[in-house]
Amino acid sequence: FHLPHQKRILVKTGIRIAIPIENSPCFAGFPIIENEITELQIRSRSGLALKHGVCVLNGIGTIDNDYRGELGVILYNAGHEPFEIKIKDRIAQGIFNPLKQCIWQEVSQEDFEANYCNTERGSGGFGSTGK
């Protein structure tokens with residue numbers, strides 16, 4: 001593959017995956033049904049980023065647990081020179097990460113404020129902690 005500078009490409013890896021789904025009970029006291037799922041995060045390799053400016057375009061790529069098929073990696077060349085990718089080159093790295101998948105529950109504004117905002121920060125947003 002030829003990756004010109006300031007361009008992006010989708011690199012098919014030849015690796016095919018099927019991530020299993022595990023059901024797990026919800027936490028006691030919380031009225032939310034959860035499934036423990038696993039995602040595969042695709043990340044840049046630090047050496048490629050430092051030496052050549054080549055990185056995973058969207059920061060961390062997420063492969064959902066229900067995806068079945070070949071992994072593709074979107075690479076971006078932020079460097080000043082074209083970059084050649086050869087078969088068997090290590091272009092990215094992956095981390096399996098367990099997640100909790102929630103089923104959302106609609107509540108009224110009053111119920112939300114009465115039952116869910118009882119922290120010191122409350123609904124304070126951007127910059128509200130003073131840091």
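Colleague: Which element gives the largest share of the lining of the largest pocket?

Modeller: That's E2, with 5 residues. E2, strand E4 (34–43), strand E7 (68–77) and strand E9 (93–102) each supply at least two lining residues. Keep in mind that this is a predicted model, where local features need pLDDT of at least 70 and side-chain atom pairs 80 or more, while totals for chains, interfaces and linings use all residues. Numbering runs from 1 along each chain as its sequence is written, and side-chain values use heavy atoms, without hydrogens or water.

Colleague: What makes something a pocket, and what makes a residue part of its lining?

Modeller: On a 1 Å grid over the protein atoms alone, a pocket is an open set of points where a 1.4 Å probe fits, with protein on both sides within 12 Å along at least five of seven lines; lining residues have an atom within 4 Å of a point. Here 21 residues line the largest pocket, and Thr 13, Ile 15, Val 73, Asp 89 and Ile 91 lie nearest its centre. The space inside comes to about 400 Å³, counted as what probe spheres set on the points fill, with points joined across faces, edges and corners.

Colleague: How many helices and strands are there in the chain?

Modeller: There are 2 helices and 9 strands, taken from DSSP runs (H or I, at least four residues, for helices; E, at least two, for strands). Along the sequence they go β-β-β-β-α-β-β-β-β-β-α.

Colleague: Why is Lys 88 called exposed?

Modeller: Its relative accessibility is 80%, and exposed means over 50%, buried under 20%, partly exposed in between (1.4 Å probe, protein chains only). So Lys 88 counts as exposed. It sits in the loop between strand E8 (83–84) and E9.

Colleague: What makes the backbone of Lys 88 stand out?

Modeller: Lys 88 has a positive phi of about 80 degrees, yet is not a glycine. Most residues other than glycine have a negative phi. Gln 6, in the loop between strand E1 (2–3) and E2, also has a positive phi, near 65 degrees.

Colleague: Which residues does Phe 112 touch, leaving aside neighbours within four places in sequence?

Modeller: Val 107 and Cys 117, where contact means heavy atoms within 4.5 Å.

Colleague: What part of the chain is buried?

Modeller: Of the 131 residues, 21% are buried.
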